Amino acid sequence: PIVLKGVQCAEDALLAYQHGVAGIILSNHGGRQLDFARSGIEILPEVTSALRAAGVPRSFEVWIDGGVRRGTDIFKAIALGATVVGIGRPVLYGLASYGQEGVEHVVKLFKEELEMCMALMGVTSIDQINHHYLCHNSLQQHVTHPTDYLREDTYVKLTAVPFSRL
């Protein structure tokens, strides 16, 4: 099966399904190519709504890649319709700092946080998690616009030479 990575909108998700891929990965590739692109979780409600409205079966997988830093983020992603949640950077931080033990510790933390979140929400299994557990109508309003440090801090600002000195 083919899973298409880099989907950024509902239209592309529908096209991917229509062209026979098994699933999609909502990703902005770590923000390195398009540093102001929406993250996977920001795209997720739009994509899952469009897929359901078009009658796409739930067997079509929707993965998110990036932005997951806590077990509660996994809960949110599942509630919004994700079937797979990628947790890249925290695992890399654990690996870089403490090797295999660091990775195992990160996975343990994620598991414990997800279980605690589920308990606090009154959920006993993953398949019970759904969109009714979230209020996401203001998700787009919580988008932060990162500072462009390359433009702001790297270059010395030019000062204008007064005309009388030319």
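Modeller: The dialogue below goes from the overall plan to the sheet, the aromatic pairs and a pocket. Please keep in mind that this is a predicted model.

Biologist: Let us begin with the overall plan. How many helices and strands does the chain hold, and in which order do the elements run from the N terminus?

Modeller: The chain holds 5 helices and 4 strands. Read from the N terminus, the elements follow the pattern β-α-β-α-β-α-β-α-α. The chain has 166 residues, and 31% of them count as buried.

Biologist: How should I read the sheet? In which order do its strands lie, and is the pairing parallel or antiparallel?

Modeller: As a general idea, strands of a sheet pair through backbone hydrogen bonds, in either a parallel or an antiparallel way. Here, 4 strands form an open sheet in the order β1-β2-β3-β4, and their pairing is parallel. At the edges are β1 (3–7) and β4 (84–86), each of which pairs on one side only. On average, neighbouring strands of this sheet are turned by 20° against each other, direction ignored.

Biologist: How many bridges join the strands, going from β1 to β2, from β2 to β3 and from β3 to β4?

Modeller: Between β1 and β2 there are 4 bridges. Strand β2 (residues 23–26) is joined to strand β3 (residues 61–65) by 4 bridges, and 3 bridges connect β3 to β4.

Individual residues let you trace this on the screen. V3 has G23 in β2 as its bridge partner, and G23 in turn stands opposite E61 in β3. Further along, I25 stands opposite W63 in β3. For I64, the bridge partner in β4 is V85.

Biologist: Which way do the residues of β2 point, and are they buried or exposed?

Modeller: In β2, G23 and I25 point one way, while I24 and L26 point the other way; all of these residues are buried. Strand β3 has a covered face, made up of V62 and I64, and an uncovered face with E61, W63 and D65.

Biologist: Let us turn to the aromatic rings. How many aromatic pairs does the structure hold, and how is the geometry of a pair judged?

Modeller: There are 2 aromatic pairs. The geometry is judged by the angle between the ring planes, and over 60 degrees counts as edge-to-face. The rings of Y17 and F60 have centres 5.3 Å apart and planes at 85°, so this pair is edge-to-face. Y17 belongs to helix α1 (residues 10–18) and F60 to the loop between α2 (40–53) and β3, so the contact ties together parts that are 43 residues apart in sequence.

Biologist: Are these two residues buried or exposed?

Modeller: The cut-off for buried is under 20% relative accessible area. F60, at 3% relative accessibility, therefore counts as buried, whereas Y17 is partly exposed, with a relative accessible area of 33%.

Biologist: What is the geometry of F75 and Y133?

Modeller: The ring centres of F75 and Y133 lie 6.0 Å apart and their planes stand at 80°, so this pair is edge-to-face. The pair links distant parts of the chain, with F75 in helix α3 (residues 71–79) and Y133 in the loop between α4 (88–121) and α5 (149–154), 58 residues apart. F75 is buried, at a relative accessible area of 2%, while Y133 is partly exposed, at 29%.

Biologist: Where is H131, and how far is it from A77 in space?

Modeller: H131 is in the loop between α4 and α5. H131 and A77 are 9.4 Å apart in space, C-alpha to C-alpha, and 54 residues apart in sequence. With 45% relative accessibility, H131 counts as partly exposed.

Biologist: Finally, how should I describe a pocket? Which residues lie nearest the centre of the second largest pocket?

Modeller: One describes its space, then its lining. The second largest pocket holds about 360 Å³ of space. Its lining has 18 residues, and R58, I78, A79, L80 and G81 lie nearest the centre. The elements that give two or more residues to this lining are α2 and α3, and the largest share, 4 residues, comes from α2.

Terms used
Residues are numbered from 1 along each chain as its sequence is written. This is a predicted model: local features need pLDDT of at least 70, side-chain atom pairs count only at pLDDT 80 or more; totals for chains, interfaces and linings use all residues. Side-chain values use heavy atoms; hydrogens and water are left out. Two strands pair if DSSP finds at least two bridges between them. Axes are lines fitted to C-alpha atoms, for helices over the stretch in contact, and angles run from 0 to 180 degrees between N-to-C directions. Rings of Phe, Tyr and Trp (its six-membered ring) pair if their centres lie within 6.5 Å; planes under 30 degrees apart count as stacked, over 60 as edge-to-face and the rest as tilted. Buried means under 20% relative accessible area, exposed over 50%, partly exposed in between (1.4 Å probe, protein chains only). On a 1 Å grid over the protein atoms alone, a cavity is a set of points where a 1.4 Å probe fits but cannot get out, and a pocket is an open set with protein on both sides within 12 Å along at least five of seven lines; lining residues have an atom within 4 Å of a point. Grid points are joined across faces, edges and corners, and a volume is the space filled by probe spheres set on the points.
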